Amino acid sequence: MLVVPITAFTVQRRNKIDFTFMQALKGIRDVDKSGVTEDMFSEVIPVDTFEALSITGKFVPIVPGGSHIRLTYFNRKEYCEKALQFRLHELDVQVAAVREGMSLIIPVPLLSLCSGKLLEINVCGSEVVDIAVLKKVVRYRDISESDQLVTWLWQTLESFTNEERLLFLRFVSGRSRLPANVNDISQRFQIMKWGKSPDSLPTSQTCFFQIRLPSYSSQEIMADRLRYAITHCRSIDMDNYMLNQPSDNDDTNSDDYYS
């Protein structure tokens, strides 16, 4: 079996996705730098054998028979290397299954032509919400492109941070990203004028990629109402509501739900 030592690159890469695990390994490996000696080792380090915490939350052997191999001051570096190898390859079976599934759509050798970031963008879409893309796929209902509300909406969205744009996208579509290729957007973004009370909150219909705007007396008020809606409307449908309701067989006093 190929053993890869804990190099600076490996530690840096792993630190990004499992900071706590890597800090624990570093603490064991460099315990001598803290003045810990052989006699103090077992009292300071909370691990007794060649086992590590898996993603299931349970301690498992990191080498064959690891539960019977005692971790000591002198073999701690070997333990750290084995633990790192265990964590790096813990999901090999699952990754292989994903790879096999992807191979049914695109030949695996072609994946080498893409960086990880480019592949993510092509599959999941961009993390950056480009308002220009929304303008390319917009459809106006009961409102014209030249309407003041439309102008204010575009100006408001352009002033939003990307985080706010992501919240807006989720509010109107239920998704957190747009496809990388505008031609892959199958639904038009709909802006609809709604006869609700002036200066009230906007509403949306995620199934139709639609936002419904009441009249606003100023762009500032529109921006304020829109920010409130996209920030506080976390549930895009009735799923979360229903999950929090008592079942028919739940004999808990209904008054408790209003306390």
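This is a predicted model: local features need pLDDT of at least 70, side-chain atom pairs count only at pLDDT 80 or more; totals for chains, interfaces and linings use all residues.

Biologist: Okay. How many helices and strands are in the protein?

Modeller: The protein has eleven helices and six strands.

Biologist: And what share of the residues is buried?

Modeller: Of the 259 residues, 32% are buried. The protein exposes about 16800 Å², with carbon and sulfur atoms supplying 54% of that.

Biologist: Let's zoom in. Where is Asn 75?

Modeller: Asn 75 sits in the loop between strand S2 (59-61) and helix H4 (76-88).

Biologist: Is Asn 75 buried or exposed?

Modeller: Asn 75 counts as buried, because its relative accessibility is 16% and the cut-off for buried is under 20%.

Biologist: Which residues does Asn 75 touch, leaving out those up to four places away in sequence?

Modeller: Those are Phe 50 and Arg 70. Also, a polar atom of the Asn 75 side chain lies 2.7 Å from the backbone nitrogen of Thr 72.

Biologist: Switching topic: how do H2 and H4 cross?

Modeller: The axes of helix H2 (residues 19-29) and H4 come within 9 Å, crossing at roughly 165°. So H2 is roughly antiparallel to H4. Their crossing is left-handed.

Biologist: Which residues make the contact?

Modeller: On the H2 side, Phe 21, Met 22, Leu 25, Ile 28 and Arg 29 take part. From H4, the residues include Tyr 79, Cys 80, Ala 83 and Leu 84.

Terms used:
Residues are numbered from 1 along each chain as its sequence is written. Side-chain values use heavy atoms; hydrogens and water are left out. Helices (H or I, at least four residues) and strands (E, at least two) are DSSP runs, numbered from the N terminus. Buried means under 20% relative accessible area, exposed over 50%, partly exposed in between (1.4 Å probe, protein chains only). Accessible areas come from the Shrake-Rupley method with a 1.4 Å probe; for residues, only the protein chains shown count as cover. A polar contact is a pair of N or O atoms within 3.5 Å; within protein, one must be able to donate a hydrogen and the other to accept it, and residues adjacent in sequence count only if both atoms are side-chain atoms. Contact means heavy atoms within 4.5 Å. Axes are lines fitted to C-alpha atoms, for helices over the stretch in contact, and angles run from 0 to 180 degrees between N-to-C directions. Angles under 35 degrees count as roughly parallel, over 145 as roughly antiparallel, 65 to 115 as roughly perpendicular and the rest as oblique. A crossing is left-handed if the near helix is turned anticlockwise from the far one by less than a right angle, and right-handed if clockwise.
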